[in-house]
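The following note sets out, point by point, what may be read from the coordinates of the complex shown here. It is intended for a colleague who wishes to check each point against the structure.

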Amino acid sequence: MTRDVVIKLRGLRNAFGADVVHDNLDLDVHRGEVLGVVGGSGTGKSVLLRCIAGLRPPQAGSIEIFGQDALNCSETARRAIDQRMGVMFQDGALFSSLTVRENVEVPMRTIDGLDAGLRRELADLKIAMSGLPYKAGDNYPSELSGGMRKRAGLARALALDPEIVFLDEPTAGLDPIGASAFDELIRGLSRAMGLTVFMVTHDLDSLHACCDRIAVLADRRVKYTGTMEEMLEIDHPWVHEYFHGPRARAAIATKDKVS
Amino acid sequence: MTVATDPETVTTSPVLERDGGVWRLSGVLTVRNVSALAAELPRAQGALDLSGLTRLDTAGAYLLHSHSGALELTGLRPDHAALLDRVAGTIPQPPDPSRHPLTAAQILERIGRMVANAGGFLVEITDMLGLFLARLGRIARHPGQLPMTALVHHADQVGWRAIPIVSLMSFLIGVVLAFQGAVQLRQFGAEIFVVDLISISILRELGILLTAIIVAGRTASSFTAAIGSMKMREEIDAMRTLAIDPAMVLFVPRILALLITLPILGLVANVMGLFGGALMSWIELGISPAVFLTRLLEETGTNHVLVGFVKAPVFAIIIGVIGCHAGMQVRGNAESLGAQTSSAVVRAIFAVILADALFSVFFAMMDI
């Protein structure tokens with residue numbers, strides 16, 4: 001079975017003034033996979049995410065999402081694409097004047113004819129699916145811990161059952177138990193809902209626990225893609241350092257112990 | 001595996017039909033059309049065949065699950081069944097929403113709380129004032145601790161940049177006073193008294209009061225917003241952990257800048273008000289600037305100017321303390337920042353006018 005490509009990047013170029021972040025970058029994301037994007041600081045992981053999510057136009061190159069050109073299309077077409085994607089920002093980026101439940105309801109309000117009672121029940125369901133307790137729905141974002149804000153951000157990103165979810169460092173700043181619970185959550189949701197996940201992360205445990213494929217950003221391009229096992233074989237100095245450093249060995253050790 | 005991906009098919013409604021004795025649901029069931037089906041679904045009884053569903057999301061699964069008591073769901077695709085299981089496993093159980101009606105005792109309690117809060121507000125304001133004076137005392141003993149750069153910066157923001165608006169406002173007030181005074185006083189042939197009218201009202205009351213009101217609107221809000229956003233991002237907590245005194249770095253330069261610049265702004269307002277009044281008197285009543293000046297110097301005592309200027313530092317401290325206090329009351333969210341900013345302006349203006357009224361009564365009783 002040839003895999004269905006949902007995001008196709010070709011020849012992407014991003015630069016801030018004279019500072020070129022991406023040059024001639026190619027990447028394919030397949031339907032239903034969890035793709036982990038790694039790279040050193042300043043290699044433009046978040047820039048890439050913002051680019052695909054439509055928050056920043058690239059200087060050159062093409063982005064195809066669901067087989068449609070996402071850069072040169074009408075606004076209606078772009079909105080239709082956006083509605084099929086969800087983004088979870090690093091600190092949740094929740095609207096601070098709304099409760100968590102109201103935050104999750106915001107994307108649902110764009111749907112005509114969705115009954116208010118049902119909308120509320122669905123929001124509660126999404127909050128529960130993200131692993132938050134029921135009463136968290138009534139809280140304001142400032143009353144939540146960092147980990148809970150991330151979960152609430154995920155609940156909002158999943159509000160419309162998107163086909164692709166972008167996660168910006170989902171486990172950064174979480175304790176190890178919370179982080180592995182989050183990995184579990186992402187894995188479970190991606191399986192149950194058939195989600196495609198594009199995940200920017202630094203967390204080697206996350207890469208082990210939930211990613212089907214890993215893309216390494218280096219030298220202004222996606223230098224390598226492949227499974228965790230394939231990554232261990234690569235002898236690019238940065239990649240080798242990353243996947244063979246002391247932290248990586250610890251992550252592999254725990255993985256082996258579990259399995 | 002066929003997955004409906006283009007938006008047209010996603011928004012079309014699923015079809016619910018009866019085929020022999022079996023109900024059949026086919027098509028696409030997502031959050032976009034789930035409400036329409038919610039009205040229809042109660043018609044179905046017994047077995048519901050779902051083999052024709054091409055797409056199902058959590059909203060659809062939730063709807064099917066909530067009717068699964070009355071219906072027997074059959075023919076589910078494995079991935080749809082997995083989704084349905086996941087939804088069924090995570091449906092939240094809302095705690096009992098018990099609401100009590102409002103009793104008289106609760107209303108009384110709320111009023112009591114509001115009164116206590118108002119009293120608490122006065123205590124907090126006094127607390128802030130005391131903190132400012134204590135820091136000022138420390139600076140008097142150790143002049144090296146005065147945050148000079150910040151003081152100059154705030155004096156520029158609060159004073160220098162307010163000069164255009166204060167001048168314009170005061171000039172127009174002078175014009176209006178001369179014009180209105182002229183109309184009335186001409187009836188008695190007492191045009192020359194317009195000079196007294198303008199000079200006394202501007203020097204004694206309006207110059208300082210209106211300047212203070214404008215500064216309250218401009219500066220109290222900016223103090224609250226600046227301090228409040230630092231509070232919001234825990235910058236003030238960070239200062240405390242770094243052994244930096246927020247009162248010394250944040251409150252002292254701001255309030256002190258106001259204390260220095262408000263009298264100067266008042267002076268500018270007085271001059272511009274008199275200028276506007278003199279100009280209008282010349283145009284409207286033919287009182288030449290020379291006559292205006294002579295009359296001003298001969299008839300208007302310096303006590304009026306002093307009465308005006310005595311109030312300026314008091315207004316400055318009121319505005320500064322209220323602005324800084326409101327900034328410290330900001331809690332974690334952006335909404336509270338907005339609420340505190342607008343309430344700081346209202347409180348500052350109200351307090352300035354109240355203080356002005358008290359001054360008026362005091363000076364009247366002292367016969368100054």
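1. Helices are DSSP runs of H or I with at least four residues, strands are runs of E with at least two, and both are numbered from the N terminus. On that basis, chain A contains 10 helices and 10 strands. The model is a predicted one.

2. Of the 259 residues in chain A, 47% are buried. Among contacts in chain A with a separation of 6 or more, 65% are between residues 24 or more positions apart.

3. Helix H5 of chain A covers residues 146–157. Its 12 residues should span 16 Å at 1.5 Å a residue, and this agrees with the end C-alpha atoms, which are 16 Å apart.

4. Is H5(A) enclosed by the rest of the structure, or open? It is largely enclosed, since 11 of its 12 residues are buried; the criterion is 20 or more other C-beta atoms within 10 Å of the residue's own. The buried residues include Arg149(A), Lys150(A), Arg151(A) and Arg156(A), as well as Met148(A) and Leu154(A). The cover over the buried residues of H5(A) includes strands E6 (85–88) and E7 (164–168) of chain A. Helices H3 (100–108), H4 (116–129) and H6 (176–193) of chain A also contribute to that cover.

5. Chain B has 13 helices and four strands. Its length is 368 residues, of which 34% are buried. For contacts in chain B between residues at least 6 apart in sequence, 80% join residues at least 24 apart.

6. How do helix H8 (residues 194–232) and helix H10 (residues 246–285) of chain B cross? Their axes come within 7 Å, at an angle of roughly 145 degrees, and the crossing is right-handed. The contact of H8(B) with H10(B) comprises 19 nonpolar, nine polar and one charged residues.

7. The two chains meet through 29 residues of chain B and 23 residues of chain A. On the side of chain B that touches chain A, at least two residues each come from helix H2 (34–40), helix H3 (58–66), helix H4 (78–90) and helix H13 (334–366) of chain B. H4(B) gives the most, with six residues. By class, this side of chain B has 15 nonpolar, eight polar and six charged residues.

How values were computed. Residues numbered from 1 in each chain as written. Chains lettered and ligands numbered in written order. Predicted model: local features only at pLDDT ≥ 70, side-chain atom pairs only at ≥ 80, totals over all residues. Contact = placed C-beta atoms within 7 Å. Nonpolar A, V, L, I, M, F, W, Y, C, P; charged D, E, K, R; others polar. Axes fitted to C-alpha atoms, helices over the stretch in contact; angles between N-to-C directions. Left-handed = near helix turned anticlockwise from the far one by under 90°. Expected span 1.5 Å × (residues − 1).
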